[in-house]
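The following report is intended for a reader who meets this structure for the first time. Please view the sequence and the model together before reading on.

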Amino acid sequence: MSKESFAYRLKSTMEKQELKQVDIVRAAEQCGVKLGKSHISQYVSGKATPRADILHFLADTLQVEAAWLTGIDEPDAPAIIDDTPQQQINTPVSGGTNMREFKKSTKLDNVLYDVRGPVVEEAARMEDLGTRILKLNIGNPAPFGFVTPDEVVYDMSKQLTECEGYSAAKGLFSARKAIMQYAQVKNLPNVAIDDIYTGNGVSELINLSMSALLDDGDEILIPSPDYPLWTACATLAGGTPVHYICDEQSEWYPDMADIEKKITDRTKALVIINPNNPTGALYPREVLQQIVEIARRHQLIIFSDEIYDRLVMDGEEHVSIASLAPDLFCVTFSGLSKSHMIAGYRIGWMVLSGNKRIAKDYMEGLNMLSNMRLCSNVPAQSIVQTALGGHQSVKDYIMPGGRVYEQRDYIYKALNDIPGITAVKPKAGFYIFPKMDVKKFNITNDENFALDLLREKKILIVHGNGFNWKQPDHFRIVYLPRIEVLENAMVKMKDFLSTYRQ
Ligand SMILES: Cc1ncc(COP(=O)(O)O)c(C=O)c1O
């Protein structure tokens with residue numbers, strides 16, 4: 001980064017004045033300036049430059065000249081800052097040539113993905129300085145000692161030489177056949193092999209399914225809290241995510257009245273995440289039936305993200321909502337990242353079911369986008385059959401005595417033992433979404449809470465707002481680490497919260 005660049009001058013001035021990104025955000029809040037941490041991160045990393053008004057705010061806050069901050073020292077040099085965010089800007093470089101700079105698309109302006117956002121960036125900065133961080137922020141099983149079943153690794157290695165070419169766009173026949181049989185076990189109605197699409201993780205298919213459906217302004221109902229990729233992809237596709245509340249008082253089940261209230265003429269679809277990330281809720285059949293009833297009455301597509309469906313505890317049964325809605329068009333998502341602990345292989349799928357006649361055109365769109373990406377990762381597809389058939393090693397984890405089960409019981413109890421913290425017991429997955437007594441801790445900003453915890457106790461969690469939860473009163477913990485590690489984290493958190501006031 002050149003010393004003449006805006007990013008360099010902003011970063012070095014902030015460092016000199018010992019101002020963190022969050023301090024700038026706070027100052028902006030106080031001045032009524034709309035400026036998020038993600039914007040500042042982009043500025044200091046040189047990925048974006050601000051509009052003129054934001055530049056002047058930054059200059060005033062840092063008590064420097066705006067022109068100097070831009071990185072232009074010559075008095076009559078052209079202004080590099082442009083009022084229109086997406087326009088190219090010209091920055092003189094040392095040789096005097098005007099260099100074109102590139103800004104990110106404004107389509108990203110309202111996109112949030114804080115699971116890997118500014119708090120994580122701060123953690124990375126601390127790690128760079130040698131600090132060891134306890135990461136309770138990301139649902140990635142492998143680093144916590146959850147290994148891929150040997151049979152899966154062996155079978156992939158055996159097939160690698162046969163996976164060198166592209167597969168069919170939707171995926172290998174053997175993989176889709178295995179997924180189809182899985183769909184039959186889950187009673188998904190009217191599913192043919194052509195209704196199954198493999199993807200580079202469920203993530204790719206969430207993006208694809210939203211892009212194929214949403215026109216500008218189309219509304220889609222998404223839970224709050226949600227797995228934020230849903231909201232991000234709906235936004236990126238030009239749609240308007242409308243969040244319905246999941247009710248903590250009722251085991252975090254969707255609030256039907258709230259869903260009803262938020263349906264308009266423009267609502268096209270409804271998303272559920274079951275079992276849920278971040279709450280760990282598992283929706284019983286009656287709850288699913290009520291959702292189907294609403295979707296039926298308002299003619300909505302149902303998207304059901306069921307990636308945690310094999311991580312259900314306490315002898316409960318997972319019901320696929322599509323099995324209750326043969327007359328509606330449903331898209332069900334799952335994959336191997338969580339149940340088979342192979343998040344890194346990148347394999348997920350989506351299954352279209354029910355009334356496909358009403359979605360012919362949409363399916364054409366899905367096929368078009370699926371063809372455009374050629375196919376998903378073929379070596380990963382090659383082990384779907386192995387993974388879905390035979391012994392399911394994940395079952396050992398979710399039974400009493402198993403790691404996920406015991407860690408869940410531990411974290412649930414430990415969190416509820418902290419004064420000012422309450423948590424609903426998760427029934428599935430490996431996340432818990434505790435509530436903080438905001439009055440007791442005087443919390444008004446949950447991201448700041450996450451940053452304070454990180455800086456003081458070196459524990460990384462994701463604040464509730466990162467899951468499109470509007471009040472600043474929740475955070476998510478991933479309870480994948482072993483109990484000894486969780487114990488250490490809980491002792492530190494209890495200590496931190498015994499005196500914390502924001
Ligand atoms: C609810 C939910 N859906 C989808 C994904 C993405 O999974 P994949 O690894 O298959 O892309 C995640 C990952 O954490 C998730 O929690």
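K268 is partly exposed, with a relative accessibility of 29%. In this predicted model, the side chain of K268 meets that of D218 in a salt bridge, at 2.7 Å from N to O. The pair links distant parts of the chain, the two residues being 50 apart. K268 belongs to strand β8 (residues 267-273), whereas D218 lies in the loop between α9 (201-213) and β5 (219-224).

The partner of K268 in this salt bridge, D218, has a relative accessible area of 6%. D218 is therefore classed as buried, the cut-off being under 20%.

## Salt bridges within helices

K261 and D258 both lie in helix α11 (residues 256-262), 3 residues apart, or about one turn of the helix. Their side chains meet at 3.5 Å, N to O. K261 is exposed, at 65% relative accessible area, while D258 is buried, at 6%.

In helix α2 (residues 21-31), D23 and R26 are likewise 3 residues apart and separated by about one helical turn. The salt bridge between their side chains has an N to O distance of 3.9 Å. D23 is partly exposed, with a relative accessible area of 24%, and R26 is also partly exposed, at 34%.

## Charges across the whole structure

How many salt bridges does a search of the whole structure find? The search finds 25.

The protein carries 55 positive and 64 negative side chains. The centres of these two sets lie 2 Å apart.

## Overall fold and surface

The secondary structure comprises 20 helices and 17 strands. The radius of gyration is 24 Å, close to the 23 Å given by the globule rule for 502 residues, so the protein is as compact as a globular protein of that length. The C-alpha trace spans about 70 × 50 × 50 Å along its principal axes.

Of the 502 residues, 55% are buried. Among contacts between residues at least 6 apart in sequence, 71% join residues at least 24 apart. The protein exposes about 22,100 Å², and carbon and sulfur atoms supply 50% of this area.

Methods
Residues numbered from 1 in each chain as written. Predicted model: local features only at pLDDT ≥ 70, side-chain atom pairs only at ≥ 80, totals over all residues. Heavy atoms only, no water. Helix = DSSP H or I, 4+ residues; strand = E, 2+ residues; numbered from the N terminus. Rg over C-alpha atoms; globule rule 2.2 N^0.38 Å. Buried < 20%, exposed > 50% of the residue type's maximum accessible area, 1.4 Å probe, protein only. Contact = heavy atoms within 4.5 Å. Areas by Shrake-Rupley, 256 points an atom, 1.4 Å probe, with all protein chains shown as cover. Lys, Arg positive; Asp, Glu negative; His and termini not counted. Charge placed at Lys NZ, Arg CZ, Asp CG, Glu CD. Salt bridge = Lys/Arg side-chain N within 4 Å of Asp/Glu carboxyl O.
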